[in-house]
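Here is a short briefing on charged side-chain pairs. The structure comes first, then the pairs by topic.

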Amino acid sequence: MKKQLLLSAALISATFAFSQTSLVKRQNVAPLNMADKISEKFAVEPTQTSAVAKPAVTKPETPIIDPVITQEQQASSQALPPSVINWKVLCGTANCYGQIVSNTRPLQYNPDLKAISYVHRASATYTASPGVIPTSTTGTQLVEVSLNGGTNWDSTAIWANSTNWGRYPQGAIYSAIGNTNIANAYIFGSGPCTNAGSVWGGSWYASKKLAVAGSTLYNNVPDAAPNAQQFISATGTPIAPGTTQHGWPRYGASSTSDGIVRSLGLISNDLNSLASVRGFAVVKGSYTGGVFTWSLDSLIPNTIVTSATVNVLSSDAQMAWSQDGKTGYVVMIGATAGATLKNKGYQPIIYKTANSGGSWAQITGLDFNAVSSLSIVPYHLAAINTNTAVEAPYFTEFDIAVDSYNKLHIGALIISENTGHNDSLNYISQFTMSINVGDKYLWGHTPSNRPYLYDFIGDGTSAWQVKVIDSLATEDPGSATGSSGYAVNPWDNTGPSSAKINCGPRLQLGR
């Protein structure tokens, strides 16, 4: 029986009918530079933090709803299932900063071992052995493992370094082909490193043998074997001979049934400032003699280039594989060279392999200029200010998965590009509402102007299809002083400039 793809974003699937004659598009009031919003995902947080969620906010927030029930809302209500969903906490971390990026994959399930793994940063009170200096304590990386669906857990340390502090962890369980015994498995993890809390100096890669719950291998001692803990400098020797420098391997961690683990990182002219991302690195780990040997493939798209010779390419990307490890996709967000009209914006640039990464090719992407099922997407957006006849999608939060037919699914939220100028494609439109006066929103939150969740389906060989799944009720609040939603952001203000924690909607897909 074919396994169905499930969108896991705390949303209920629904079918909508949109009237093509009743839409009144809202005009944007002020553009927003998305570079400012994205930069929050690369911030160096306080060395020690005690940020917690407040039980109440200083200003009541009015729900974003319409005063009358629309046909759209009525259709959505009728489509809801009759049952009640009971949520259960699986696991957690004492340090939330490592989990604020939606594209990381810290929580994974290995179907061959029936094991759940969760890679996260240590708390300020955790003591690794051998010990590290106090300021680097929260740079220690741990993994928790459950063999009974999250009822019981055991933890083990995989990275500890006094100089290179681990950040933004992700990882998965490696299992050899045909293995079903956790005692023969390993965990791997990866992420960027900060040096003394101010400079992003490179990347960390770590691995460690696992065992049955309660084993002495679950301890606070990272594996000391050569190459079990590897620091890859952003300016020194690359991860493999003949490859380019890469950094920030905090995207798309995977472990497939062919015995291969992978991570996705950035390729940039400056891996510390990330002002000029050029492409992405597919980092492949092969198990050899108790540790992993790493190799790298570079995916460099041909994009629009600004007058400052900067590629129109976001630092957000994602990677997903079929369970057998043969079919894989990398989706990056940017504007391809030669893109025009509705296709000129931060949109998916898609690479595919059908031979386990032996070769990669860019495939035909989404065409919003053509009349197709994709036409519903720009229909819900505001026009750019340089051409009122053009609405160009800007892909923001997104995730991907590969279904049982090896087709790619891109689950995404989409906002409105503000202009068609090459130098300003990172600017998006904003809107105001009658509530929370003074704040600006990325959507109008009126019928047909909502944060719709789309599922794009295809493999580059035929026309892409899209399904409208549901819409979000609100938006993530700002984290910087004076930003929209800052006053109702429930997190305490800690660290420099009274910054709060940035928490997006974190869309995630699973097979």
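A salt bridge here is a side-chain nitrogen of Lys or Arg within 4 Å of a carboxyl oxygen of Asp or Glu. By this rule the count comes to 3 salt bridges. This is a predicted model: local features need pLDDT of at least 70, side-chain atom pairs count only at pLDDT 80 or more, and totals for chains, interfaces and linings use all residues. Residues are numbered from 1 along each chain as its sequence is written, and side-chain values use heavy atoms, with hydrogens and water left out.

**Aspartate 399 and arginine 105**
- These two side chains form a salt bridge, N to O 3.0 Å.
- Aspartate 399 sits in strand S20 (residues 393–402) and arginine 105 in the loop between helix H2 (71–79) and strand S3 (107–110), so the pair ties together parts 294 residues apart in sequence. Helices (H or I, at least four residues) and strands (E, at least two) are DSSP runs, numbered from the N terminus.
- Aspartate 399 is buried, at 0% relative accessible area. Arginine 105 is buried too, at 13%. Buried means under 20% relative accessible area, exposed over 50%, partly exposed in between (1.4 Å probe, protein chains only).

**Lysine 342 and glutamate 391**
- The closest N and O atoms of this salt bridge are 3.8 Å apart.
- Lysine 342 lies in the loop between strands S17 (328–334) and S18 (347–353), and glutamate 391 in the loop between helix H3 (376–379) and S20, so parts 49 residues apart in sequence are tied together.
- Lysine 342 is partly exposed at 21%; glutamate 391 is buried at 12%.

**Lysine 407 and aspartate 459**
- Their salt bridge has its closest N and O atoms 3.5 Å apart.
- Lysine 407 is partly exposed at 27%; aspartate 459 is buried at 12%.
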